[in-house]
Amino acid sequence: MFVRAARPTVSLARSLSTSTQNNAKVAVLGASGGIGQPLSLLLKNSPLVSHLSLFDIAHTPGVAADLSHIETRANVTGHMGPDQLDAALQGCDVVVIPAGVPRKPGMTRDDLFNTNATIVATLADACARNCPEAMICIIANPVNSTIPIASEVMKKYGVYNPNRMFGVTTLDIVRANAFVAELKGLDPARVNIPVIGGHAGKTIIPLISQCTPKVEFPADQLAALTARIQEAGTEVVKAKAGAGSATLSMAYAGARFTFSVLDAMNGKEGVVECGYVRSEETECKYFSTPLLLGKSGIEKNLGLGKLTAFEEQLVAEAMTELKASIKKGEDFVANMK
């Protein structure tokens with residue numbers, strides 16, 4: 001029996017030290033970038049991974065050589081440029097996609113759309129041809145649009161499986177846990193807050209009423225905390241003053257989600273993570289909610305749970321933007337030549 005809002009059963013620290021053995025081939029597409037390198041390092045450290053396949057348009061052989069010197073079991077291969085993309089993906093069980101351009105000060109996630117949409121469509125096309133059964137975990141922003149893009153590309157090949165296509169929103173949960181723990185003097189490793197909706201601005205909806213352990217805030221503090229979680233990415237972009245966006249925390253969150261997927265594929269029960277997926281939980285085609293993961297991907301969508309009036313209002317306010325982002329992604333693929 002699982003508890004809907006339970007802390008995901010695999011913490012990052014435990015993933016690195018567990019004796020669980022698995023023969024999973026995991027590809028990181030965008031492995032030389034600001035997220036890709038630390039993400040690849042975390043994956044290399046895990047006994048859940050037997051083959052780490054790294055792809056990017058530049059520098060991948062060096063990243064692969066560097067990581068291959070680490071004394072863990074994962075074999076590392078580096079693949080560079082379009083000609084080597086197919087080889088990087090063949091036989092993969094899980095594909096993690098942090099590829100794309102990062103946000104700069106003044107940019108919204110939507111400003112990234114044209115560049116990252118083309119990148120994600122190209123990579124999804126390669127996944128459809130080379131590893132159609134793989135779990136696809138997309139980090140590339142804007143996630144609210146890139147998941148519809150990848151889904152539509154997979155549909156064109158007749159290999160779309162909504163239970164194996166994930167938008168990685170884990171960073172929103174990680175941030176919510178960290179911020180609430182800080183405010184309440186709690187151990188962040190024991191805090192779990194579901195975050196639903198999407199992965200940009202007001203579409204990010206932290207369900208603080210469903211926090212484990214239970215916490216309460218006055219209305220004004222709750223509103224400020226919610227706004228901080230929603231705009232936490234911008235907080236990092238500003239703090240880096242033009243030198244990038246959230247890379248280290250995103251790598252941590254991406255690794256956490258990947259380890260959960262791998263654990264579930266290995267038969268571990270009760271693995272729960274939030275993810276932005278094809279959904280019938282709301283009027284939006286895609287929506288992030290807690291998901292029970294299994295050997296074949298999503299085993300059960302655990303839904304929104306009981307919302308407060310404040311949270312219901314947040315959901316209502318997110319709908320227009322979320323629907324527009326989804327349509328933008330679908331239209332992009334429909335208009336592709």
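The legends below describe close-up views of a predicted model.

**View 1. The largest nonpolar core of the predicted model.** This core holds 47 residues, and L29, L89, V95 and I138 touch the most other members. At least two core residues come from each of the strands β1 (24-29), β4 (94-97), β5 (135-138) and β10 (286-294). The helices α4 (85-89), α5 (113-130), α6 (143-156) and α11 (309-334) likewise each supply at least two. With 9 residues, α5 provides the largest share. Another core, of 41 residues, lies apart from this one and includes L42, L52, V96 and I139.

**View 2. Surroundings of L89.** L89 and V95 are among the residues that touch the most other members of the largest nonpolar core.

**View 3. Packing of α5 against α6.** The two helix axes come within 9 Å and cross at roughly 35 degrees. The crossing of α5 and α6 is right-handed. On the α5 side, the contact is made by F113, A117, V120, A121, A124, D125 and A128. S145, T146, I149, A150, V153 and M154 make the contact from α6.

**View 4. Residues annotated as "binding site".** The annotation comes from an unreviewed UniProt entry and covers R103, R109, N141 and R175. R103, R109, N141 and R175 are also part of the lining of the largest pocket. N141 is in the loop between β5 and α6. Its relative accessible area is 18%, so N141 counts as buried, the cut-off being under 20%.

Note on methods:
Residues numbered from 1 in each chain as written. Predicted model: local features only at pLDDT ≥ 70, side-chain atom pairs only at ≥ 80, totals over all residues. Heavy atoms only, no water. Core = buried A, V, L, I, M, F, W, Y, C linked by side-chain atoms within 4.5 Å. Buried < 20%, exposed > 50% of the residue type's maximum accessible area, 1.4 Å probe, protein only. Helix = DSSP H or I, 4+ residues; strand = E, 2+ residues; numbered from the N terminus. Contact = heavy atoms within 4.5 Å. UniProt positions renumbered as here; feature names shortened; annotations may be inferred. 1 Å grid on protein atoms, 1.4 Å probe; cavity = no way out; pocket = protein on both sides within 12 Å on 5 of 7 lines; lining within 4 Å. Axes fitted to C-alpha atoms, helices over the stretch in contact; angles between N-to-C directions. Left-handed = near helix turned anticlockwise from the far one by under 90°. Lists of a residue's contacts leave out its neighbours within four places in sequence.
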